[in-house]
Amino acid sequence: MIIMAGGIDVTTEFYKESQPGIIVSTDTLSVTREYSNNKTMVVAGFPSGVSIKVYIAAKSLLIEYNVPKEYENFTVGLLGNFNGNTDDEFILPNGTVLPTNSSEREIYHHFAKAWAVNSTTSVFSYLSGESTETYQHPEFEPFYRDEADPTAVAKAKELCGDTNDACIFDYLVTEDKEFATATKVAKEEMEVVIISLANTPPTLKVNNESLNINGYWYVRNGTVSVLQVLVDDVDGDTVSIEILVYAIELSVNSTGFISYLPNTNQPISLRLRAVDSKGSYSTDLYIPLLVCPLCNSHGTCYTKSVGEEYENGKFKVLSCSCHPAYTGKDCESEVDACASQPCFKGQTCTDLTAVEQGNSTIGYKCGPCPSGFQSSMGTCIDVNECLNSTACDHSCVNTEGSFTCSCRNGFRLDATDKKTCRDINECEERSSSCLHKCTNTPGSYNCSCYTGHTLDPDGYTCNLDSIKEKCYDCQQICITGENVTCACRLGYEPNPKSTYDCLDIDECKYGNQPCSQQCKNLDGSYECSCYTGYKLSSDKVSCSACQTPYYGNNCASTCQCNGRGTCNAIRGCVCNEHWSGENCEIDVDECLQPTACVEGLVCRNTVGAFQCVCPTGYKMDNTQCIDINECTDPTVNTTCDLNVQVCVNNIGSYSCDCKMGYARNSEGLCIDIDECSSQIDKCEQSCENKAGSFNCLCYQGYLLDDDRKSCIKVKDLCVSSNLTCSYGCRIKSNDEYECFCPRGFTLTGQDKCTDINECSSVLTNNCSQLCRNTEGGYECSCYAGYSYDSKSFTCKDNDECNLPTSKCEQLCINTEGSYRCSCTSDLILLADGVSCRASLPCVNKTDCSNDCALINGTDTCLCPKGSKLTTDGKTCQECGQNYYGPSCALVCQCEAGWKCDNVNGSCYSLYTEEISSYNYTLTFGWDVSNVNLDRDSDDRKQVKDECETQMTKTLREKKVDVVLFSITNLRKGSLIIDFILFINKSSSSNSPSSLTIALNAIKSEGIFLNGSKIFITSFTLIETSHICEARQQTNPCKSSEVCQVQGNIAVCIPVETNKDLILGLAIGLPLSVAFCAIVIAIAVCKYIKRKKARMLSSTESLHSSTLQKDSLSGIHKESTQRLNAPKSNEYFEG
């Protein structure tokens, strides 16, 4: 069949797949591929509900129309009048009705011909030079059954039966039993459909009284519940009920009683339907479930609250109302009643067991009240100690949980018992104001004067009564009497070197050192002060601690912690872990700490706290972050324009890719690709652009071949001309003949076709970088560091930083066509351009497991790419699963079954023991004679990368679980590649036969390479790859190791030192030379034997019916990362 949908040829797309599926889906048309009774059918559906089904039968094309009931009484034409009346089927366009007893001849000439289409009314598509007249033959006279030979009719009835008129007619006309039988079967199938359409389907419902007010069936988890559904069939047919969901403990009997044992761990969407004996189904009946959980027998259902919803709300689980001693979603945990600190501050709290608590709402027991409090009505209240007259000597001030004593002036509170007031001896402490003498009294002191002085009315100062001559010699005090002597004021002492002079006494060093904390000597006196967090008492000597909210020097500052910390007498506000700043006003960003969240979670800072959440594009599922498929998740509103884009789910994100036939313009919008003007259509003669596609056309006298691109000559229109066209001849509009050429060629003279060199001018090609002319077309390619985008016809920069080819040790910066390496702070880039070292080495730290650098003045341990520091700050550990790169900061994008390389993010197969490998030679129908395939050329790399990528993609589409497709050699002419293929043999679909089927399918369908579809001309299995060869291609052993097969697994083991060789070297050079000669001779002999044996085994493997299956470890998935091919091709060719 040739299938056109919306004016676009979709024949290739229809036959490309072998499974049912959607071919075209728009707002106005859907085209699908369906299978039924071993028939492949194309079904066109329209928004009106009308559908047309077409399939190929024996020597015929059968068309089935399906019209909704709503069209009854609105249709006329060749298919009859859809109104339920069989007497007016033959209505003419003018409304005239032919009698039902009209002959077939009358029906043909008066009815059928009246409905014939013309060039105005036809909706068919016609080839160039054709019209309705091409297919209409007015002179044709059909066969009429009612005029047939009765004997022939009787013979036809033997095959078809008496009533199958269509079968009888076909047999009478063709006498072909196969053709008539196909008609018979189609008619019988249609009669079944008609009977089904005429049948009234059964109905299925639930008595509303069996459901709750919201229409849910209330059931208890773990308890069998029974519900009856009601069935009705107006035709009286036998009806059975089908359950459309699988559950072990769910059944329905013939009377409609449903038995169900709910299990909250296995939610279901309970769906049923009834089917009658004619095969008609009722509409599906959904019975939403409201499940009461068991709550672990520690609670009851809370019927007003739904805890969890499944199956789009059709399976709801109620919340648990737990007994007082239990908590949790299912009351699975005992409540820690002491966690909320219910007891009074200072009381001990004992959490009661569930048994001890019982049904009491109190699940804890508080200990005795702390000192200063007494128990009262279940709590602790303050004791007023000041009511006791003996509490303090002088004054008492009650405080919460305690009291404080204070003393009158002249007394000081005893530092030991805190209640006794003791007299301050101001004279001994030298804190009095006396100038001469001081006498202590209880609570005070008295001043007096030396002889010859009188106490001043102020009570402190002494005045000299009379000045004697010798008094002038005294520095401070002159004592008169019989003799004049000198003395010193309080705070001074006589100078032993002079009886007249006085020296200052340093009270802070000598005597009783009166200050309780800090002392400063003054001239003739001293001054006390206190440590930070203390205040000088009124006695000017002792210190008392600051009381909240005061702190600092002499308690002069006030704490304002905003409820986010406590007041420390020395430091002020001590903020809790989530706040900082003088007044706890600055939120701490906990996410700056690398260990804030466990690996796999992302830290999100909040005000006064932080959260550990899944990265963007992931969601939490059973404590693990899993990727969100934004394209199918109904809660995600993607930004894709589904008219021209398709949503593609990525790991952790999604992208809106342009649909096939569309490409992004400079503004990022998906616009239609004009395949015709860009000459990527590969149409042989003519091309017609369509939105999102194109059609290939042929000139009159040609038809499209099965590939829907090539043209086949079916008629020589120029047979009467004298032209000798090298390609083809056509008729011009003026009915003259002319030679023409296929696209990509130009007519030289009147009859010769010459290839057009599209690369000679930017006006004739769309290449953005490199262009190579081909026969009848051209090919675009790109410079190194770029990849060709066949959708937009542009070269796009490769982001090497996201590819395993980047060798940067720390940071990678992508540049146009290349990349460069950089280093983190305080590291420098070495001359190799990839390695980093510390710019300033550590000063003191010597215990780092790797490197160490001085960063921001601090010795800091550093880790290489692929590892990160542990919490001890000195040990490096490898990145955890799904993380890689510097400090394990990058997230891997490996699919299930693959392991992430912690250095470069590449993906390795976890099925290390389930890998089969094969060597193939494959030839493409792609002329690469002019392509530079030298080993280090950019062209070779581009061809190799594109072949590996497209072959891997296509084989996986063919259900071959490819682990690695690695090209080992490229050859010119038609492109020939040697490759080694690794597939996961654990998959049942990856047998050698399925691989051969897949390669044959690619051979017939082609593969998209070099901007067009390229076909494989041949492929050959060289031999199955040896297991160690396979490992060397993917995960090679170190230079100090050798590959050996152990238990059908390729393993690398250390090379043992040859003791004999060491002994030979120790004996002397002549012996070592002789030894080496022997070794070389043995190696040559073994090589010759091995090569012969290998050639024999290679020959045998070509005739073997089973392929050797090998296993290897560490198969590398990333298609862009390949190891260099062996230096000698003999390695693969044997």
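User: How far apart do the end C-alpha atoms of residues 382-417 lie?

Analyst: This is a predicted model, in which local features need pLDDT of at least 70, side-chain atom pairs count only at pLDDT 80 or more, and totals for chains, interfaces and linings use all residues. Residues are numbered from 1 along each chain as its sequence is written, and side-chain values use heavy atoms, without hydrogens and water. The span is 0% helix and 39% strand (DSSP runs, numbered from the N terminus: helices are H or I, at least four residues; strands are E, at least two). Its end C-alpha atoms are separated by 21 Å.

User: Which are the edge strands of the open sheet?

Analyst: The sheet has 4 strands in the order β8-β10-β13-β12, with antiparallel pairing (strands pair if DSSP finds at least two bridges between them). An edge strand pairs on one side only, and here those are β8 (203-206) and β12 (250-252).

User: Which residue in β10 is the bridge partner of V206?

Analyst: Strand β8 pairs with β10 (residues 225-232) in the antiparallel sense over 4 bridges. In β10, the partner of V206 is V229.
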